[in-house]
Amino acid sequence: MSRRFDAIVIGAGQAGPPMAGRIAATGKKVALIERKLIGGTCVNVGCTPTKTLVASAYAAHLARRAADYGVSAGPVGVDFAAVMARKNRVVGNSRSSLEGWLNGMANCAVIKGHARFVSPTAVEVGDETLEADRFFINVGCRAVAPDFPGGDQVRTLTNTTVLELDALPRHLVIVGGSYIGLEFAQVFRRFGAEVTVVEKATRLISREDEDASDAIREILEAEGIAIRCDAECIRFAPRGADVAVGVDCTSGEPEAIGSHVLLAVGRRPNTDDLGLEAAGVAVDERGFIRVDDGLRTSAPHIFALGDCNGRGAFTHTSYNDFEIAAANLIDGAARKVSDRIPAYALYTDPPLGRVGLTEAEARAKGHKVRIGKRPMTRVSRAVEKGETQGFMKVVVDRDTDAILGAAILGVGGDEAIHAVIEAMAAGVTAAAYTRVMAIHPTVAELVPTIFGELSP
Ligand SMILES: Cc1cc2nc3c(=O)[nH]c(=O)nc-3n(C[C@H](O)[C@H](O)[C@H](O)COP(=O)(O)OP(=O)(O)OC[C@H]3O[C@@H](n4cnc5c(N)ncnc54)[C@H](O)[C@@H]3O)c2cc1C
């Protein structure tokens, strides 16, 4: 059986559905193919469930600290089943509203199944062949499961299976001290599990500046999370019902014994089973689809959007890919991926909001920099809220006064960082920023102040 469409979208992640919607609205026939769950990673096993758990974990944390605020909350308990049921409700509602939108869309056929290219203009889904003039690939990534010694003798969790647990782990060992691992670490600790984070590098979130890594480590350790960096030789062995994780650190216990092990050591693109060779679509050495600045692949009628193109690893970068491709193809714009300013957040509590270059990246690129920094203990709103961990930091080019980047590790940092994101997008200089009148008391009100107190 064969069907023909004007365009085919493969994968219902963060770029696929809006792209299908834009094309369908122009009156063209579009097919959206999804092999698993509509909404992809973010909705089902990424942002939505994790941030829902982060909220429950924050509630537990704040309840335990109630006396700090003069409030008595009684003994604090966490009902893990209720926490997970809440998470499932939020995820389910999010997915079904997306499904409802897509299923009711004129000119759009939602097709369930695994798509594989059989030629540059056709994909196979089950026993059906679907043809089109244009394709949009939005297949995302999945967790990598590296070949650690002993890995085949123990059960490990991924970001997907950890979200399916029906009981709180007694001791969760998380291999990987980066963004995903650290969010889970704090969440499970706040739910009452013992947590150990095992990281190969010398410090956590090693892409960030050292001061951010150190502060995050301090925050997590203060909550009782054990951090084992420099874990040079990670290996696994069963130990009764538990798992021994060999860490071979330069100091401390050579093993961490956990009831559960979560692997959070990176993600790889879902491009190995897509028949890309048949379509003439080139990938790089890690399997990411090569794209130009307009997200066109080596086959000019095929576009790759979202995590699978290696140009971003976030919901907002995937959605922005859709906006760029749609603007260029439908509205005749000439937008480029390289025009966007990198920005993201780590949703620990307090969160780390980030934009642009770190101080180390700016120096490595040859910028002479001026730095502005203020601890959250000197931010009124943080003091009033009783949440003074972290700091705010801005990086400015000494020669041009251009804002190069910022980090806000502190209460509301994920929101306050937008003050800098928007200023950078508008090309505002540090000097101009100092003249902004901000609202008191907020975290963002200190951003102009920091730009006025730069290092010489
Ligand atoms: C634990 C975790 C937490 C995260 N938290 C955040 C966060 O807070 N903020 C943030 O911005 N980002 C976060 N991310 C990243 C974010 O989820 C992704 O960047 C985002 O989902 C964009 O993905 P995407 O659009 O590229 O594709 P995805 O959302 O991964 O969707 C791809 C879809 O394609 C389908 N598919 C794959 N191959 C085929 C095929 N051959 N045929 C048919 N269908 C196929 C898959 O089933 C999937 O549904 C998190 C990720 C994880 C794992």
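Cys47 is partly exposed in this predicted model, with a relative accessible area of 29%. A disulfide joins Cys47 to Cys42, with an S to S distance of 2.4 Å. The angle about the S-S bond is -135°, and the link of Cys42 and Cys47 is left-handed. Cys42 has a relative accessibility of 12% and therefore counts as buried. The count for the model comes to one disulfide. Such a link is a covalent bond between the sulfur atoms of two cysteines.

Two further cysteines were examined. Cys108 is buried, with a relative accessible area of 12%. The cysteine sulfur closest to that of Cys108 belongs to Cys308. The two sulfurs lie 18 Å apart, so they are too far from each other for a bond. Cys141 is in no disulfide either; the nearest cysteine sulfur, again that of Cys308, is 7.3 Å away. A disulfide requires sulfur atoms within 2.5 Å. Cys141 counts as buried because its relative accessibility is 10%, under the 20% cut-off.

The strands β17 to β21 form an open sheet. Its five strands run in the order β17-β18-β21-β20-β19, with antiparallel pairing. β17 (343-346) and β19 (369-375) stand at the edges. Each has a single partner strand, so one side of each is left without a neighbour in the sheet. Neighbouring strands of this sheet are turned by 10° against each other on average, direction ignored.

Within the sheet, β20 (residues 391-397) pairs with β21 (residues 403-409). The pairing is antiparallel and extends over six bridges. Val396 stands opposite Ile403 in β21.

Definitions and conventions:
Residues are numbered from 1 along each chain as its sequence is written. This is a predicted model: local features need pLDDT of at least 70, side-chain atom pairs count only at pLDDT 80 or more; totals for chains, interfaces and linings use all residues. Side-chain values use heavy atoms; hydrogens and water are left out. Two strands pair if DSSP finds at least two bridges between them. Helices (H or I, at least four residues) and strands (E, at least two) are DSSP runs, numbered from the N terminus. Axes are lines fitted to C-alpha atoms, for helices over the stretch in contact, and angles run from 0 to 180 degrees between N-to-C directions. Buried means under 20% relative accessible area, exposed over 50%, partly exposed in between (1.4 Å probe, protein chains only).
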